Amino acid sequence: MSLAYPLQSSAARHARETCADAIERLGLRMSFAKDEEIYAQDEEADLIYRVVSGVVRTSRLMSDGRRQVGDFYYPGDIFGLEPGDEHRYSAEALSDCVVLVLKQSALRTQSDDEALARVIWEATARELERAQEHVMLLGRKSAFEKVASFLSDITRRGQGHDGDLPMSRQDIADYLGLTIETVSRTISKLQSAAIIEFEGCRHFRVRNDAALARLAE
């Protein structure tokens, strides 16, 4: 899950906007329907992607049939960056998505484009932070802390105290390294404790910010 970043200066925001313009200029817009595969696990990693609208999930299928969800990407996020020549995870659209697709070869021909170089560097740094945070989440936190951290991060992407879950409970379980029963039971306990309140199965509201923050630490 993406981390919360401090407020940027106007110069930094301008640089990020310029970076986005660079990808917009060079990338090809593609639409993907809900549940449609964007790229496959072990497929050649010759493209990088930026979410324009919708939400994207990355996941890896283990040899024993288990699945590990890698991350969730929202509008503005770049995904598909790999240290090697192949994608370690597959990517699927969690909702109807529009994605900007950019060839690696286009990056090489634009190597003198400072804006483009900046956005790729920032995306690579964020991927490293995501991986480090995910390792700590999986290895050091209890089920309550994992679910609280996940919901807290979702609200940071939304507005105020509200959060939307385009992913399923199974997706959440596979991301957090829990069973779907544990995720559902933990969410029910958070509701019973008046920390969160669900309005339907996909939308929730935080009722006690301090309690959720303590659990998410």
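Tutor: Two strands pair if DSSP finds at least two bridges between them. Keep that in mind as we look at this predicted model.

Student: Glad to! In strand 11, which residue is the bridge partner of Asp 164?

Tutor: Start with the strands involved: strand 9 covers 162-164, and strand 11 covers residues 203-206. These two pair in the antiparallel sense over three bridges. Within strand 11, the partner of Asp 164 is His 203.

Student: What is the strand order in the open sheet of three strands?

Tutor: The pairing here is antiparallel. Strand 9 and strand 10 (196-199) are the edge strands, each pairing on one side only. From one strand to the next, the twist averages 25°. The order is 9-11-10.

Student: Which helix packs on that sheet, touching strand 9, strand 10 and strand 11?

Tutor: Look for a helix whose direction makes about 95° with that of strand 11. The one you want spans residues 143-157 and is helix 4.

Student: Now the open sheet of four strands: which are its edge strands?

Tutor: This sheet is antiparallel, with the order 2-7-4-5. Its neighbouring strands are turned by 30° against each other on average, direction ignored. Pairing on one side only marks the edges, which are strand 2 (37-39) and strand 5 (67-73).

Student: How many bridges join strand 4 to strand 7?

Tutor: Strand 4 (residues 56-61) and strand 7 (residues 90-93) run antiparallel. One of the contributing pairs is Val 56 with Ala 93 in strand 7. The number of bridges joining the strands is four.

Student: And at what angle does helix 5 run to strand 5?

Tutor: Helix 5, residues 169-176, lies across strand 4 and strand 5. Relative to strand 5, its angle is about 105°.

Notes
Residues numbered from 1 in each chain as written. Predicted model: local features only at pLDDT ≥ 70, side-chain atom pairs only at ≥ 80, totals over all residues. Heavy atoms only, no water. Axes fitted to C-alpha atoms, helices over the stretch in contact; angles between N-to-C directions. Contact = heavy atoms within 4.5 Å.
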